[in-house]
Amino acid sequence: METPAPSPVSQPLSTSPNGRPWALPLVLAVAFATTGWLLVSFRNSSNEGQTSATPTAGAENLTPAPEPGVETASLEIRYGNGARREIAALPWHEGMTVGDLMRLAQQFRPGIEFTHTGKREMSFLTSLDGVANEGADGRFWVYDIGGRKAQVSYEVQPLAAGERVLWVFKRPE
């Protein structure tokens, strides 16, 4: 007489169908480790060659050292509450405008964000890093270059090598 095969219900819960209780936890551990390694590797490879400047309340920011022979321009933002941000060395090129510098700063990591209305000589900055102009009686964004007040739209204002653009959120004078 044949003995019946054990039913799956009669198998202990601690074993897998093939009798290896350690197989499932091992497979899961390897899968999680591989996923974590891939995420870290991908994040590190996508950040290679990038530098960062972060908003701070103090005067010190970490900025990249310019490559030898590359002329630069800098950007400083004062938010009107004591906080400021500085990107001290963005690559400059002949014919560059303040608008070009702003777009380079957008690509910087972490980059700035800004919105505007109009085009070219009629372009007007409406917000910078999420801080929006407050209207006629409030504060709004104004810029100067090396202490000289702006006379034209930032989109058409020429910028020389080594110059510093300062954006300040303030009331009109």
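**View 1. The largest pocket and the residues around its centre.** Twenty residues line the largest pocket, and F140, W141, V142, Y143 and A150 lie nearest its centre. A pocket here is an open set of points on a 1 Å grid over the protein atoms alone, with protein on both sides within 12 Å along at least five of seven lines, and lining residues have an atom within 4 Å of a point. The elements giving two or more residues to this lining are β4, β6 and β8, and β6 gives the most, with five residues. The volume is about 390 Å³, taken as the space filled by probe spheres set on the points, which are joined across faces, edges and corners. The probe has a size of 1.4 Å. Please keep in mind that this is a predicted model, in which local features need pLDDT of at least 70 and side-chain atom pairs count only at pLDDT 80 or more, while totals for chains, interfaces and linings use all residues. Residues are numbered from 1 along each chain as its sequence is written, and side-chain values use heavy atoms, with hydrogens and water left out.

**View 2. Helix α2 and its buried side.** Within α2 (residues 98-107), the buried residues are V98, G99, L101, M102 and A105; buried means under 20% relative accessible area with a 1.4 Å probe, protein chains only. Why do they sit on the same side of α2? Because they cover an arc of only 160° around the axis, based on the directions from the helix axis to the C-beta atoms. Helices (H or I, at least four residues) and strands (E, at least two) are DSSP runs, numbered from the N terminus. The partners that these buried residues pack against include β1 (72-78), β2 (84-91) and β8 (164-170).

**View 3. L128 in the largest nonpolar core.** This core has 25 residues, and L75, M102, I112, L128, V165 and W167 touch the most other members. It is a set of buried Ala, Val, Leu, Ile, Met, Phe, Trp, Tyr and Cys residues joined through side-chain atoms within 4.5 Å. Helix α2 gives the most to this core, with four residues. Leaving out residues up to four places away in sequence, L128 touches I77, Y79, M102, I112, E113, F114, W141 and W167; contact means heavy atoms within 4.5 Å.

**View 4. An open sheet of three strands.** The order is β3-β4-β5, with antiparallel pairing; two strands pair if DSSP finds at least two bridges between them. Four bridges join β3 and β4, and T115 has S127 in β4 as its bridge partner.

Note on methods. Buried < 20%, exposed > 50% of the residue type's maximum accessible area, 1.4 Å probe, protein only.
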